[in-house]
Amino acid sequence: MSWTNIDGALKHVSVGPSGELWGCNANDEVWYRSSMNASWESVDGLLVQVDIGPCGLVCGVNRSDEIFIREGTHGSQGRGHSWRKLDGLLTHVSVGPSGELWGVNRQQQVFFRANVNSSWQQSDGALVRCTVAPDGTVYGVNRDDQIWYKQGFHGSWQTMDGLLISVAATGNG
């Protein structure tokens, strides 16, 4: 398998369950592409990081660490219609298979919430980035580039061999 260059210039990209793409460029502008055969569409708002989960829910964070979800995207309904601000401050956020959210803040604390209408709860661990796989397994990297994972809300963090500065999970974890 070889890489194929597609048009656009993004610093962060996330792929949804139907192949839709969400990304942020160097100016924090948000972009959406419904498929590889479609064109990029500008989306209102400015984010430094954006994620679309297996359920189609889109969330992201801005330069002020504010957290937003995109209304009208859950269930792969397209680019949605507006951003809704959530409480809390995070530098990185990820969406799980049932709409649960995981994220980390500037102090490397890890937080999760069962859904967009629940409250943030602090998890143990210290990470700088995290991602949630479709099976609910949470993966992350710490400031020493060590790779960690845990099985959902109640699992225990375990380390993996290797070093990474970022991590992403697909359908197979």
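I started with Leu90, which touches Val61, Asp65, Ile67, Gly103, Val104, Asn105, Phe111 and Trp120 once residues up to four places away in sequence are set aside. A reminder to myself before going on: this is a predicted model.

**Entry: the cores**

I next looked up where Leu90 belongs. Leu90 is among the residues with the most contacts inside the largest nonpolar core, together with Leu57, Leu101 and Trp120. That core has 14 residues. Which elements give two or more residues to this core? I found strand E6 (58-61), strand E7 (66-71) and strand E9 (92-95). There is also a second, separate core of eleven residues. I noted Trp22, Val30, Val50 and Trp83 as members of this second core.

**Entry: the whole chain**

I then stepped back to the chain. How many helices and strands does the protein chain have? I counted zero helices and 16 strands. The radius of gyration is 15 Å, close to the 16 Å that the globule rule gives for 173 residues, so the chain is as compact as a globular protein of that length. Taken along the principal axes, the C-alpha atoms fill a box of roughly 40 × 40 × 30 Å.

Of the 173 residues, 43% count as buried. I also checked contacts with a separation of 6 or more, and 38% of them are accounted for by residues 24 or more positions apart. The accessible surface comes to about 9,000 Å², and 48% of it belongs to carbon and sulfur atoms. For charges, I have 12 positive and 17 negative ones, with their mean positions 5 Å apart.

Beyond four places in sequence, Lys150 touches Trp102, Ser123, Asp124, Gly136, Thr137, Val138, Gly155, Ser156 and Trp157.

Asp65 came up already as one of the residues that Leu90 touches. Asp65 lies in the loop between E6 and E7. With a relative accessible area of 11%, Asp65 is buried, since this too is under 20%. I also noted its backbone: phi of Asp65 is near 70°, a positive value in a residue other than glycine.

**Entry: another positive phi**

Asp145 also has a positive phi, of about 70°, although it is not a glycine. Where does Asp145 lie? I located Asp145 in the loop between strand E14 (137-141) and E15. Asp145 is partly exposed, with a relative accessible area of 28%.

**Entry: His81**

My last stop was His81, in the loop between E7 and strand E8 (82-89). At 58% relative accessibility, His81 counts as exposed, because the cut-off for that is over 50%. What is His81 in contact with, leaving aside its neighbours within four places in sequence? I wrote down Arg70, Glu71 and Gly72. I also checked His81 against Asp44, which is 37 residues apart from it along the chain. The C-alpha atoms of these two are separated by 9.0 Å.

Definitions and conventions:
Residues numbered from 1 in each chain as written. Predicted model: local features only at pLDDT ≥ 70, side-chain atom pairs only at ≥ 80, totals over all residues. Heavy atoms only, no water. Core = buried A, V, L, I, M, F, W, Y, C linked by side-chain atoms within 4.5 Å. Buried < 20%, exposed > 50% of the residue type's maximum accessible area, 1.4 Å probe, protein only. Helix = DSSP H or I, 4+ residues; strand = E, 2+ residues; numbered from the N terminus. Contact = heavy atoms within 4.5 Å. Rg over C-alpha atoms; globule rule 2.2 N^0.38 Å. Areas by Shrake-Rupley, 256 points an atom, 1.4 Å probe, with all protein chains shown as cover. Lys, Arg positive; Asp, Glu negative; His and termini not counted. Charge placed at Lys NZ, Arg CZ, Asp CG, Glu CD.
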